[in-house]
Amino acid sequence: MTRSPIMDTIADLVFHSAIVLSLYFLFAGHNQPGGGFVGGLVAAAAVVVYYVAGGMDEVRDLSRFRPWTILGGGLVLASLAALVPLVAGDALLQSDYVEGDLPVLGHVKLTSTLLFDSGVYAVVVGLVLMVFEGLGDEPEAEDHT
Amino acid sequence: MSGLLALPIALPIGAAAVSIVVGRWRAAQRVIGVVTLVALVADAAVLLARADSDGAVVGQAGGWEAPFGITLVADRLSAVLLLASLATLLAVLVYAIGQGGVERNHVGFHPVYLTLTAGVSAAFLTGDLFNMFVSFEVMLTSSYVLLTLGGRRDQVRTGMTYVVISLVASVLFLTALGLIYSSAGTVNLADLATRFTQLPVGERQALALLVLVVFGIKAAVFPLFFWLPDSYPTAPTAVTAVFAGLLTKVGVYAIIRTQTVLLPPGDRPQVLLLSVAAATMLIGVLGAIAQNDIKRILSFHIVSQIGYMVMGLGFFTVAGLGGAVFFVVHQIITKTTLFLAGGLVEHRTGTGNLDRLGGLVRTAPAAAVLFLVPALSLAGIPPFSGFIGKFALIDAGLDDGWWGVVAVSLLASLLTLFSMTKIWAGAFWGEAEPVGPGHRLPGLMVGATAALTALGLAVAIFAGPLYALSERAADDMLQGTVYVQAVLGR
C-alpha cells in the first residue's frame, strides 16, 4: 500500500497522546467518568489510527504479545481481582483501598478495583486487536476471482 | 458461605482466561477444563446439601446488601438444576475430548465452553432479574461461537437465524427490564416479589406476560420454537448435546422462577400456560415424526418435552411443580445422553440419516445399548426416570381435573415412543448397511455416554429422595415467602 507522510506523522502524534489519555481514564475511573472499559476503547481507537496509516503490519509491530495473550492475560487479572477477596473470606468482587502520600504524586488513593479495571482494559485492547487479525488483513489472493 | 456461591460463576471465567493464555498446549487446556468442572460439580453438590438442610444459601457479591448489590441465591430449585447441569457439562466435555473434531481443531473451544459454563451457573444462581439478563447474554454469546465452530456454510446460515432470534429476545428482555424497573423500582427478584403485589393487577400481569414471552423464546415453547430444530442439528455433536440438555432448560428455569415469584397465586396465567404446554408437546412430537435424521428428530423432541415442564408449572400445585422440577432434572441428563448416543452412531458410520443406516445392533452394540436406555426413558417406559416424571405430572393434573392437557400429554408420549421406534428400527435393526468413512469409537466417547446413562439410571433408582426434594423445592416456590425471607431477611 502507498503511505502518506502526513498521515504517518499525525498517527505518531495522535497514538501516543491517545494512549496517555486512555491511561488517565483507567486511573481516574473509580470515582470519576472513565474506567477500564472506556480506557480500553480509547486505546483501541489509538490502534485504529496506526491501522489506517500503515495497515495490519504496523498494528502487529506494536506489541510482541499476540492479541489472544493480551485478552487472556487481562481476563486472568480481572478474575483474580474477583476471586482473591474470597480467599480472604470476603465476598466475591469485594474491593478494598489504601491511601497514602507519595513523593511527586501527592495524596493517592489506590483501590483493588484498579486491578480489575486494568484487566478489563487489556481484554478490550486484546479483543480489538483480535478483530483486526480476523477482519483487517489484506484479502488473500484466492479471493480475487 | 459466599465462596461456594461465587465459584460456579467466577472459577470457569478464570479458567477460561488461563485456557486462552495456554492455547498452544492442548493437553493443558484439557486438564484445566476437566479439573474446573470436577471442582464445580463438587461445589454444586455441597450447595445442594446445604440448601436442602439449612435453607437457601445467599451471598452478596461485592459485599453490598440486597436489594442494592448483586445477589446470589442457591435455593433447592437452583441447586438441584445447577448440579445436574454441571455434571452434564463435565460428561460432554470428556466426550468432546474423546471425539477430537472441533475440540482439537479450534483453540477457542475450551475457553468458550468454560464461559458457557459460567453463564449457565450464573443464570441459575442469580437473585436479580438484570443479572439474569447478563448471564443469558454470556451464555448466548458463547453459544453463538460454539454453534458456528467449523464455519461450514449451513452452520453459518442457521447460526444467523439463531443469532437474530436470540437478539430479538434479548431486546425484548431489556425492554421488559426497563418497564419493570420503572414501575416497581427494583430488579431484585425477592424485592420484586413484595413490590409487585402493590402494582395494579393489569400492570403486573402485563409485565409478567412480557417476561414469559422472552423466556418462552429461550425455552422454545409453542409458538416460539421455530428456530430450534433448524439451528441445533448443524452444530458439532458435543455442542448440540450440551445445548439440547441445558440452554432451553435454563429458559424453563427462568419461566418457573419468574412466574412464581412475580405473581401472587390468584393472577397466575394458568390456562394460558396449560394451552401453550399442550400445543408445545403435540406440535413438537409431530415435527419429530416427519424427520428422517437422528439429530433433527431429537431436536424436535426437545421442544415436545419442554411442553411437559410448562404443564407441570401450569398446574401451580406442589405436586405439579414438583413433577416439573423432577422432569427438568431428568431431561437435562436424558436428552444430552440421547444426543451423545446419536453422535456415537454418526461418528461410527459418518451419517445420521436413517435411510443410510441399519444393523448397528451388530456392528456397534455399545452405541445401541447407550441409545436404547435414554430413548425408552424419554418415551416414558417404566422403570426409567422419564416414566416417573411423567407419572408425577399426570397424577398432579388428574388431581385438579385438567383432563384435556393430560390426554394431550399421554398422546404426545405415545407418539414419542413411535418416533424412538423409528430411530431404533432405522438405525439399529435391519440389514447392516455398508459403513461409510467411519471411525472406531474412542473409549472416552463411549465412557462419557455410559457415565451419563448411568446418571440417568441413578435418577430413576433414587427417584424417591429426588422427588421428595423436588416437592420441597416446589413448596418453597409456591409459598414465595421462603425465597424473599432468605434474601432480604424479612
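**View 1. The loop between α9 (201-219) and α10 (228-231) of chain B holds P223(B).** Helices here are DSSP runs of H or I with at least four residues, strands are E runs of at least two, and both are numbered from the N terminus. This is a predicted model, so to speak of local features takes pLDDT of at least 70 and side-chain atom pairs count only at pLDDT 80 or more, while totals for chains, interfaces and linings use all residues. Residues are numbered from 1 along each chain as its sequence is written, chains are lettered from A and ligands numbered from 1 in the order written, and side-chain values use heavy atoms, leaving out hydrogens and water. The peptide bond joining F222(B) and P223(B) is cis, with omega about 0°. A220(B) sits in the loop between α9 and α10 of chain B, and has a positive phi of about 60° despite not being a glycine.

**View 2. Another cis peptide bond runs from P382(B) to P383(B), with omega near 10°.** Look for P383(B) in the loop between α16 (365-379) and α17 (385-399) of chain B.

**View 3. Helix α3 (residues 76-99) of chain B crosses helix α20 (residues 463-479) of chain B at roughly 140°, their axes coming within 8 Å.** That makes α3(B) oblique to α20(B); angles under 35 degrees count as roughly parallel, over 145 as roughly antiparallel, 65 to 115 as roughly perpendicular and the rest as oblique. Axes are lines fitted to C-alpha atoms, for helices over the stretch in contact, and angles run from 0 to 180 degrees between N-to-C directions. On the α3(B) side, R76(B), L77(B) and V80(B) meet residues of α20(B) including L466(B), L469(B) and R472(B), where contact means heavy atoms within 4.5 Å.

**View 4. Helix α1 (residues 5-28) of chain A packs on helix α2 (residues 36-61) of chain A at about 170°, axes 8 Å apart.** So α1(A) is roughly antiparallel to α2(A). E58(A) makes a salt bridge with R3(A), their closest N and O atoms 3.2 Å apart. E58(A) is in helix α2 of chain A and R3(A) in the segment before α1 of chain A, so the pair ties together parts 55 residues apart in sequence. A salt bridge puts a side-chain nitrogen of Lys or Arg within 4 Å of a carboxyl oxygen of Asp or Glu.

**View 5. Chain A gives 13 residues and chain B 15 residues to their contact.** Between these chains the salt bridge count is 0.
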